[in-house]
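Please examine the structure shown below before reading on.

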Amino acid sequence: MLQIIDRQTGVLRAARDLTPDIRLFEIEPAAGFVPPPPGSHLDVSVRIGERPDTRSYSIVGACGDRVYRIAVKRLPHSRGGSAYMWSLAAGARVSFTGPHDTFPLGTGRPEYLLVAGGIGITPIFTMAMALARTGARMRLVYAARRTCDFAFADELREALGERLSLVTSETGGRVDLAAEIATLAPGGELYVCGPIGMLEAAKRAWQANGRPPENLRFETFGSSGRFPTVPFTVKVPRLGLEIAVPENRSLLESLEEAGVAMISDCRKGECGLCALPILQVEGTVDHRDVFFSDVEKASDAKLCTCVSRVAGGSITIDTADRTG
Ligand code: FES
């Protein structure tokens with residue numbers, strides 16, 4: 001089991017841009033170093049305005065030099081974490097916990113199919129390099145909008161050769177998940193990290209191919225939806241509350257700031273702990289979680305408040321199952 005060093009500090013040794021909007025941060029821990037397995041994260045303390053908060057970032061690479069590396073995409077509608085990280089210069093102190101092994105890579109599988117979209121490459125890159133080192137049978141499909149958006153492309157080309165497919169949507173490319181899954185060896189595993197649409201498409205294609213659910217592993221970054229990120233209003237009649245949710249704040253954060261007792265864990269739309277019942281909605285719920293099924297999302301009975309939003313308008317929710 002992975003040993004986790006509790007809250008500790010490190011120094012930002014260097015930061016460099018990998019793409020126009022992805023920056024790599026090298027963090028040298030002040031105290032102990034725990035080698036992170038592929039798929040591990042650091043939970044980094046950030047400041048959102050005056051408020052302390054935490055953001056989870058995948059650790060990039062094997063960290064053989066005992067330095068943790070994370071890659072952070074600067075998002076125009078960031079809830080503030082990426083803007084904070086991008087404000088840091090070499091020499092800054094960084095507080096974090098981890099590594100947390102939340103997206104573990106299985107061993108000894110007959111074949112591995114890795115699929116990454118955008119910044120989802122961060123855990124997938126580390127997995128790909130680890131598998132390449134062991135000589136495992138694997139391939140990686142990596143999608144981005146433009147050629148300049150591919151991070152780690154040179155390292156991946158060198159390590160994977162023909163086993164790497166780069167797909168750019170700007171030139172009309174798309175990932176044919178059904179075809180990729182169809183050629184995966186029986187017993188093979190699929191690892192996906194990317195926007196919510198990619199994860200849902202992967203789940204559907206995996207199921208359609210009759211593959212065992214436990215052989216599909218995925219992770220999301222909880223920031224992408226089907227609609228643009230815009231402000232909306234949330235009403236909680238039971239508590240007599242009406243709260244404005246700005247575009248840079250999640251519904252969960254807004255409820256917490258208003259004093260609503262919330263339960264949460266992953267804050268990435270994966271565990272379902274933060275879900276609340278929807279009483280009414282004016283507008284469209286943009287379900288951004290991977291916890292609810294397509295049918296549950298279509299029913300609009302509940303939403304994961306940590307990532308899901310309303311695409312303009314307002315939503316009325318209940319907190320009954322949080323106050324009892
Ligand atoms: S806290 Fe896990 S889904 Fe929201």
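In which strand does alanine 116 lie? The model is a predicted one, and in it alanine 116 belongs to strand β7, which spans residues 112-117. A residue is called buried when its relative accessible area is under 20%. Alanine 116 has a relative accessibility of 0%, and therefore it counts as buried.

The surroundings of alanine 116 may be considered next. Residues up to four places away in sequence aside, alanine 116 touches Ile121, Ile124, Leu140, Val141, Tyr142, Ala143, Cys193 and Met198. One of these contacts, leucine 140, stands 24 residues from alanine 116 in sequence, while in space the two C-alpha atoms are 7.7 Å apart.

The discussion now turns to a helix. Helix α3 comprises residues 153-160, and within this helix Ala153, Leu156 and Leu160 are buried. Viewed down the axis of α3, the buried residues fall within an arc of 65 degrees, so they line one face of the helix. Which residues are carried by the face of α3 turned away from its buried side? That face bears Asp154 and Glu158, both of which are exposed.

Just after α3 comes glycine 161, whose phi is positive, at about 55 degrees.

The domain assignment divides the protein into domain 1 (5-100), domain 2 (112-219) and domain 3 (232-323). In the contact between domain 1 and domain 3, each of these two domains takes part with 9 residues. The centres of domain 1 and domain 3, taken over C-alpha atoms, are separated by 28 Å. Between domain 1 and domain 3, an area of about 660 Å² is buried, and carbon and sulfur atoms give 34% of it.

How many salt bridges are counted between domain 1 and domain 3? The count is 1. Arginine 55 forms a salt bridge with glutamate 253, and their closest N and O atoms are 3.5 Å apart. On the side of domain 1 that touches domain 3, β3 (41-48) and β4 (51-58) each supply at least two residues. The largest share of that side comes from β4, with 3 residues.

Terms used: Residues are numbered from 1 along each chain as its sequence is written. This is a predicted model: local features need pLDDT of at least 70, side-chain atom pairs count only at pLDDT 80 or more; totals for chains, interfaces and linings use all residues. Side-chain values use heavy atoms; hydrogens and water are left out. Buried means under 20% relative accessible area, exposed over 50%, partly exposed in between (1.4 Å probe, protein chains only). Helices (H or I, at least four residues) and strands (E, at least two) are DSSP runs, numbered from the N terminus. The arc is that of the directions from the helix axis to the C-beta atoms. Domain bounds come from an automatic or database domain assignment. Contact means heavy atoms within 4.5 Å. Buried area is the accessible area (1.4 Å probe) that two parts lose on being put together, summed over both. A salt bridge is a side-chain nitrogen of Lys or Arg within 4 Å of a carboxyl oxygen of Asp or Glu.
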